[in-house]
Amino acid sequence: MPPSGITDAAAKGVKLDRYASGGALLLRRAASGKLVSASSHLLFRATVLATLALVFLFTLHYPSLLSRSFHLSSTTSSSASAQHSHRSLLMSSSPSASAAGTYSGAKWEEEIRRGARPARDGGISVLVTGAAGFVGTHCSLALKARGDGVLGLDNFNAYYDPALKRARQALLASRGVLILDADINDALLLAKLFDVAAFTHVLHLAAQAGVRYAMEAPQTYVASNVAGLVSVFEAAAKHADPQPAIVWASSSSVYGLNTDAPFSEDHRTDRPASLYAATKKAGEAIAHAYNHIYGLSLTGLRFFTVYGPWGRPDMAYFSFARAIVAGEPITLFADARRDFTYIDDVVRGCLGALDTAGRSTGSARTGKKTGPAPLRVYNLGNTSPVPVTRMVAILEKLLGKKANKRVVTMPSNGDVPFTHANVSHAAHDFGYRPTTSLEAGLRHFVDWFVDYYKLDDVKIANAKPADNKPAKKKKKMTASS
Ligand SMILES: NC(=O)c1ccc[n+]([C@@H]2O[C@H](COP(=O)([O-])OP(=O)(O)OC[C@H]3O[C@@H](n4cnc5c(N)ncnc54)[C@H](O)[C@@H]3O)[C@@H](O)[C@H]2O)c1
């Protein structure tokens, strides 16, 4: 409805000029009352009222139109799936989006307890966040295989093909591991999980990964890697009794512009080269605070370029393999070297870190700690950096096809020239020793890749697994394959 007083104003041509300048001539004529008949006067009034009503409605809706056009323009620089991921992460952090209502009931609680219960004497009970992710899937398989209790949680966001995450979920389900479809920012659900099951450990791997995507969707990094991390620590500190020990994924990217090599945990990490790195570094500072205040046992693992079967399509080795098969060009950064670390070596490191984590010393009931709890950080790398050009040469050989290479200078938008891990602390504390060469690891990857995408006759233009299900395995997939 138009505001009161506007009808009166309509009778006065001078005032109406303000609202409908396009009809100024008509208005002035109407105001004079000399040139128009009574019927056209009425018609005029109706037209003016309709115009005013439209202006009023447009004003009411203007903010939503504005925000919609903002979203549309931002999709031009990022994929539709990335946008989906961005929105779902931000939306899911609101309490109203809690999955705690969906996940409830005695039957559901029993299922959670059954999943979390170890099947061996002395086994641990682990909540794995990011369980449908690359590292999360392999760690969950390995924990389950040795008789530990495992419950997974993942929000299945579309940062990369969610069908791959669902396929990993199906693989885990076939081994008796359940993954809840939920966000780590869902505080209600996390509190409920700690209430229902006595997790001894949390393996926290859920995060927004990727260095360059941080320029497109910075808020997703804050939502998952900072707010989400705090959400997990809060739930563990204040809702779990006794508190679990937490092992979580930091990243080699925290070394940023550090040039001392090999990278040691004692080196500087205060010069991140990307927002991703900055959120991981922030996570290490947040871990310090939760350890100090609440006595949480916290271990951060700095992974170095992890690769292997069921890997991440956004990572270079994976996207290069797709491009080589499809005959598409690949862009390489000249002189870039990476300490490529095979997934099975990383899994052994994760399990070693869990097994040696030491207890948390705080109490959810009193909010006090009884003494200092372990606070640790470890490099999990391969200790031998390889030029990215060499990685491509191995892929070419394994795929039987030459890459169409374009070598460019590395831009300063997140990537660092080289990574190189010193793993002596992890070796000393839990016997971490990477054993897989890049040649052997990439062979395992290519075997899986060809099988998963059904590439026996190597055609991949838009490689997608048929009906989004995992390909029938030639051999049984285990964490150590
Ligand atoms: N793969 C590597 O080379 C590498 C290197 C350094 C650090 N890391 C870290 O290791 C961890 C695992 O990496 P990955 O390679 O398996 O990545 P990934 O993307 O495959 O796995 C992360 C999983 O977390 C889920 N997730 C993201 N945000 C979430 C949220 N808010 N709530 C619930 N689930 C969410 C995603 O859906 C995904 O399945 C990440 O923390 C990553 O930053 C990985």
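**Close-up views of a predicted model**

**View 1. Packing of helices α12 and α14.** Ala316, Tyr317, Phe320, Ala321, Ile324 and Val325 in α12 are in contact (heavy atoms within 4.5 Å) with Val388, Met391, Val392, Leu395, Glu396 and Leu399 in α14. Eleven of the residues in this contact of α12 with α14 are nonpolar, none is polar and one is charged; Ala, Val, Leu, Ile, Met, Phe, Trp, Tyr, Cys and Pro count as nonpolar, Asp, Glu, Lys and Arg as charged, and the others, Gly among them, as polar. The model is predicted, with pLDDT of at least 70 required for local features and 80 or more for side-chain atom pairs, while totals for chains, interfaces and linings use all residues. Residues are numbered from 1 along each chain as its sequence is written, and side-chain values use heavy atoms, without hydrogens and water. Helices (H or I, at least four residues) and strands (E, at least two) are DSSP runs numbered from the N terminus. The axes of α12 (residues 316-326) and α14 (residues 388-399) are 10 Å apart, at an angle of about 45°. That makes α12 oblique to α14. Axes are lines fitted to C-alpha atoms, for helices over the stretch in contact, and angles run from 0 to 180 degrees between N-to-C directions. Angles under 35 degrees count as roughly parallel, over 145 as roughly antiparallel, 65 to 115 as roughly perpendicular and the rest as oblique.

**View 2. Packing of helices α7 and α8.** Helix α7 (residues 134-145) packs on helix α8 (residues 162-174) at an angle of about 5°, with the axes 10 Å apart. That makes α7 roughly parallel to α8. Phe134, Thr137, Ser140 and Leu141 in α7 meet Arg168, Leu171 and Leu172 in α8. The residues of this contact of α7 with α8 comprise four nonpolar, two polar and one charged.

**View 3. Surroundings of the ligand.** The ligand is surrounded by 29 residues, each with a heavy atom within 4 Å of it. The closest are Val135, Asp154, Tyr160, Tyr276 and Val306. A polar side-chain atom of Tyr160 is 2.5 Å from a ligand oxygen atom. Ligand nitrogen is 3.1 Å from a polar backbone atom of Asn155, and a polar side-chain atom of Asp183 lies 3.2 Å from a nitrogen atom of the ligand.

**View 4. Cis peptide bonds in loops.** Asp241 and Pro242 are joined by a cis peptide bond, with omega about 5°. Pro242 is in the loop between α10 (218-238) and β5 (245-249). Another cis peptide bond, with omega about -5°, joins Ala261 and Pro262. Pro262 is in the loop between β5 and α11 (275-294).

Conventions: A polar contact is a pair of N or O atoms within 3.5 Å; within protein, one must be able to donate a hydrogen and the other to accept it, and residues adjacent in sequence count only if both atoms are side-chain atoms.
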